[in-house]
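I opened this notebook to record, in order, what I looked up in the structure. Each entry keeps to one topic.

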Amino acid sequence: MSNMVEIKNLHANIGDKHILKGLDLALESGKVHVIMGPNGAGKSTLSKAIVGHYDITVKDGEILYKGENIIDEEPEIRALKGIFLSFQNPVEVPGVSNAYFLRTAVNAKRVFEGKEELNAAEFLREAKALATELGMKPELIARSLNEGFSGGEKKRNETLQMLMLEPDFIILDEIDSGLDIDALRAVSEGINKIKDGKRTFLIITHYSRILDYVKPDYVHVLKDGQIVKTAGPELVAELEEKGYTTLEES
Amino acid sequence: MKSIVLAESLQEVQNVDFSAATTALERLEKLQLPTKKTEEYRYFDIEKYLSKAYTYIKPEKQPIEEGSFVEIVNGIVVRAPKDLEIVYAKERKIDDAHFDALYYLGHLLSPEVIEICCKNDTKIKILHRYTQANALIAYRVVVTTAPNIAVSISESFIGCDANESLVLYGCDVHLQRDARFEFIKDETLVTGIYTPIHSHFIELQEQSSANFFSFDFGNADGLQLIKAKLMHASSFNANHLLYAKGEGKRGTVSQIVHAAKDARSSQKAKNILGEKARGIFDALIKIEPEGGGTKAYQNSQAVLLNDGAYMASKPQLEIYIDDVEASHGSTIGELDEQQLFYLRSRGIVLEEARKMLILAFANEIIDAIEDERTKESVHLSFENVYYGQGQLECIATCHNCSDAILREES
């Protein structure tokens, strides 16, 4: 048993606001970890801190990924090393075709890993096959990145990127929000498709419904900038029943 | 040929003999040649160009060869499609209230204009070539349309040998009732070659429409001055994409005049400025007392790629009546941080991410061109300047080609 990610004493701010207050978290390789917590607890701040978002200022602590502290790495280097964040609200980028963007990203990673780049036809064939599996309209690949996509289409597009980029550490920030049952099932199948016992998942969610499709190994509760409890999947039902207010520090 | 200093060129034009010349002379005298204090040229270093001595080439007609496009060399038509009615005409209709003095000077320095008469739906490609160094090249094209036809003109420019020349060129376009007109200008300038000052007049009769596209790229100076006059229920859409770098001063000065009821106009400018370039967007929409029920929109967006770049943006509305719907806006800023981060979070390095967003910013205007071949040609012009060469595959710019690639492959 080894940890792919270890976060130690992480203090992080957004502007002057101290959000993460000495957070400690270990994520075991190949496992599905879930973070739940009340609004404003710092869940999205944690995910942004891991990927190096410009909003976040890390004041103290370490984020060890595969044993290496990545706090000072540029966001693209973290991504190339295998960290992927599925955004809660993926930004629209009018004018950049989805296909061009994704192929650039896929080939950047392939070059980083010493592999040959995919040519346009190879890329499009693979992208279209995966998009079809996800129930995405094929024309969305040719459209501008996320522009005019519905909430569900954006989340499927995030999942498509995840499948194409084949990251090692996958953070899903409220991937289930705004999804209808069919979309939730399709996105969950995409996640399960890439689960291979080696990749590590960190699912941030308010609801248990995605966990009906993607079975967690560990559940962590984040409250007021700290992990206050870690347990097995049975904690989800307890939280559903009792809420966060009755929790005591683990 | 003789040497001429443009600032003293009024003597050159005293003996012109077309009927509108008197009006042109009077207007030129009233407006005076522009100086750095002239509002329309305030952001453009015009005096530098007017005080220089040029070799003045008086246009001399030559036989027109048959070709698939119109080629104009130093202001003279040398090639044209056989079925295109193209003549030299002394008489011409001019705007008697144009804001630009060089519009009138251009007419006065053009004893004859190149007149293209469109009686049926027509697509015209015009290649302007300049071959003389240190020359003053002045010529004008007049386009007239029959009612209820569609005319498209796309023009490109080559002037590698025309070092330090000044080009005073422009179009007078007279659209008859219900005519539809599209004008696409694609001009890349490089330091040391010619400096263009394009001064246009577009007159739209009842229910006619015009789509005007300008694509101004490169690192050298150039200015276009456009006046559009809209009559009843006509519509005018102007789209400008500017990418200037180096120390280039480049842009658009325009007046869109709603002179009758129910006219529509929309003007959108996107400006990308790098290094020490200066972008110019000085645009007025004027709604006359007769222009009730009109709608007019104007917007300019600029992206400054670094600290030394500068955008002079001056959108203006001048409205003399209540019954109108009009808006204007202008933004100047850097690239969207959220979009940049999104691309970087997928492993795309900062510089590449910036380039993708610049391309996206530009694409909005380029992709509005309907003709696919023209669209691809403009994409290539932009990429040539932005990347230094046309290095992108079409997957980057074309949103419809993914199926084609797969079909070819299979």
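**Entry 1: the sheet of chain B**

I found that 11 strands of chain B form an open sheet with mixed pairing, in the order 3-5-4-8-10-12-14-16-18-20-22. Strands (E, at least two residues) and helices (H or I, at least four) are DSSP runs numbered from the N terminus, and two strands pair if DSSP finds at least two bridges between them. Strand 3 (65-66) and strand 22 (324-333) of chain B stand at the edges with a single partner strand each, so one side of each has no neighbour in the sheet. I noted that the model is predicted: local features need pLDDT of at least 70 and side-chain atom pairs count only at pLDDT 80 or more, while totals for chains, interfaces and linings use all residues. Residues are numbered from 1 along each chain as its sequence is written, and chains are lettered from A and ligands numbered from 1 in the order in which they are written.

Strand 4 (70-73) and strand 5 (76-80) of chain B run antiparallel and are joined by 3 bridges; the bridge partner of Glu71(B) in strand 5 is Arg79(B).

**Entry 2: strand 17 of chain B**

How many residues of strand 17 of chain B are buried? I found 10 of the 10 residues of this strand (249-258) buried, so it is largely enclosed by the rest of the structure. A residue is buried if 20 or more other C-beta atoms, placed from the backbone, lie within 10 Å of its own, exposed if 12 or fewer, and partly exposed in between. In a regular strand the side chains alternate between the two faces of the sheet. Both faces of strand 17 of chain B are covered, with Val253(B) among the buried residues on one side and Ile256(B) among those on the other.

I recorded its partners next. Strand 15 (222-230) of chain B runs parallel to strand 17 and is joined to it by 9 bridges, with Lys229(B) opposite Val257(B). Strand 19 (278-287) of chain B pairs with strand 17 in the parallel sense over 10 bridges, and Asp282(B) in strand 19 stands opposite Val253(B).

**Entry 3: helices and core**

I saw that helix 5 (350-366) of chain B lies across strands 16, 18 and 20 of chain B, at about 155 degrees to strand 18. Angles run from 0 to 180 degrees between N-to-C directions, with axes fitted to C-alpha atoms, for helices over the stretch in contact. Helix 6 (372-386) of chain B lies across strands 10, 12, 14 and 16 of chain B, at about 20 degrees to strand 12.

The largest nonpolar core has 190 residues, and Ala362(B) and Phe84(A) are among those with the most contacts inside it. Such a core is a set of buried Ala, Val, Leu, Ile, Met, Phe, Trp, Tyr and Cys residues joined through C-beta atoms within 7 Å. Helix 5 of chain B gives the largest share of this core, 9 residues. Domain 1 (2-334) and domain 2 (336-410) of chain B both give residues to the core, so it lies between them; the domain bounds come from an automatic or database domain assignment.

**Entry 4: where the chains touch**

I found 29 residues from chain B and 31 residues from chain A in the contact; two residues are in contact if their C-beta atoms, placed from the backbone, lie within 7 Å. Helix 5 of chain B gives the most to the side of chain B that touches chain A, with 8 residues.
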